[in-house]
Amino acid sequence: RNGVEVIGLDIDGTKVQSINAGRSYIEHIDAAAIREAVQAGRLTASGDFARVKEVEAVIICVPTPLNKNREPDISYIIKTGEAIARHLQKGTLVVLESTTYPGTTDTDLREVLEAGSKLQAGVDFHLAFSPEREDPGNPDSKVAKIPKVIGGYTPACLEKTKLLYSKAIQTLVPVSSCRAAEATKLLENIFRSVNIALVNELKMVYGAMDIDVWEVINAAKTKPFGFMPFYPGPGLGGHCIPIDPFYLTWKAREFGITTRFIELAGEINTLMPRYVISRLISALSKRSAKALNGARILVIGLAYKKNVDDMRESPALTLIEMLEE
């Protein structure tokens, strides 16, 4: 939208085809916006990583899930770095946006980029981290207006990153390093995880006391200072809050530190689908003298948040599995 020519690279051919045909595969991004950019020649998509040679900056936005042992899986970052490195040119800026533990950019990603390109970060090419910030499903949220945190591997890397993002973002928030930027994103998500866990726990406590937690929150949020409302739910969903805090938990062990707040919040939030089931059993028994076994249950809403098409980590999926069991 700001006149920059953009190439989207993806190993998923259906996404490449959608973009080049002017179609959107993301619910909250209008197809008309894609179509306009494609027709103007400012946006194209490809599966050919050799096109990295054509650009001045590369932004990496790939998944960072947990593995089956709930440990960080940065394999998508590493494999993407290897694919980019083969075609990396001198002077190019590489920015990682995927949420990860501090040290990923200036250690893990830097090493694969340098090994594959035979170039040196901070000397031959620029390297930075800038976490994504968006509010899916909120029509009033505009990416251009959300302040963007940026951290460079060197001061020169930071200046190059400022030049890139100032093309599209109104407010930039420079920090001292890639690690400070990585830690900032984790703090944002941990803050939400811990506070959601708090109200989820209070929901159970107040429920036992026959007090409506929603009424309490609405009353508390009239306080104009020192309080920010968070709301209870059937568990956590989406890619960020249920996963990202555990990237720091894992990394902290390397320094001999136990992150008790983060782990306790995770336990409480993970418990919520089970709490919903217990309430459902109680309600069925009280209202119709029925058991859950044999009852017909309607589950409304599959995404982790209203008006989004993202079902990653959605507690509704856990609820459905538990109901079937």
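Reader: Which residues does Leu113 touch, not counting residues up to four places away in sequence?
Author: This is a predicted model, in which local features need pLDDT of at least 70 and side-chain atom pairs pLDDT 80 or more, while totals for chains, interfaces and linings use all residues. Residues are numbered from 1 along each chain as its sequence is written, and side-chain values use heavy atoms, without hydrogens or water. With contact meaning heavy atoms within 4.5 Å, Leu113 touches Gly81, Ile84, Ala85, Leu88, Val94, Lys118, Phe125 and Leu127.

Reader: How many residues has the largest nonpolar core?
Author: A nonpolar core joins buried (under 20% relative accessible area, 1.4 Å probe, protein chains only) Ala, Val, Leu, Ile, Met, Phe, Trp, Tyr and Cys residues through side-chain atoms within 4.5 Å. Leu113 is among those with the most contacts inside the largest core, as are Ile60 and Phe125. The number of residues in this core is 32.

Reader: What is the strand order of the open sheet of 5 strands?
Author: Strands (E, at least two residues) and helices (H or I, at least four) are DSSP runs numbered from the N terminus, and two strands pair if DSSP finds at least two bridges between them. Strand 3 (57-60) and strand 7 (172-175) each have a single partner strand, so they stand at the edges. The pairing is mixed and the order is 3-4-5-6-7.

Reader: What angle does helix 4 make with strand 5?
Author: Axes are lines fitted to C-alpha atoms, for helices over the stretch in contact, and angles run from 0 to 180 degrees between N-to-C directions. Helix 4 (residues 104-117) lies across strand 3, strand 4 (93-96) and strand 5. Its angle to strand 5 is about 140°.

Methods:
Buried means under 20% relative accessible area, exposed over 50%, partly exposed in between (1.4 Å probe, protein chains only).
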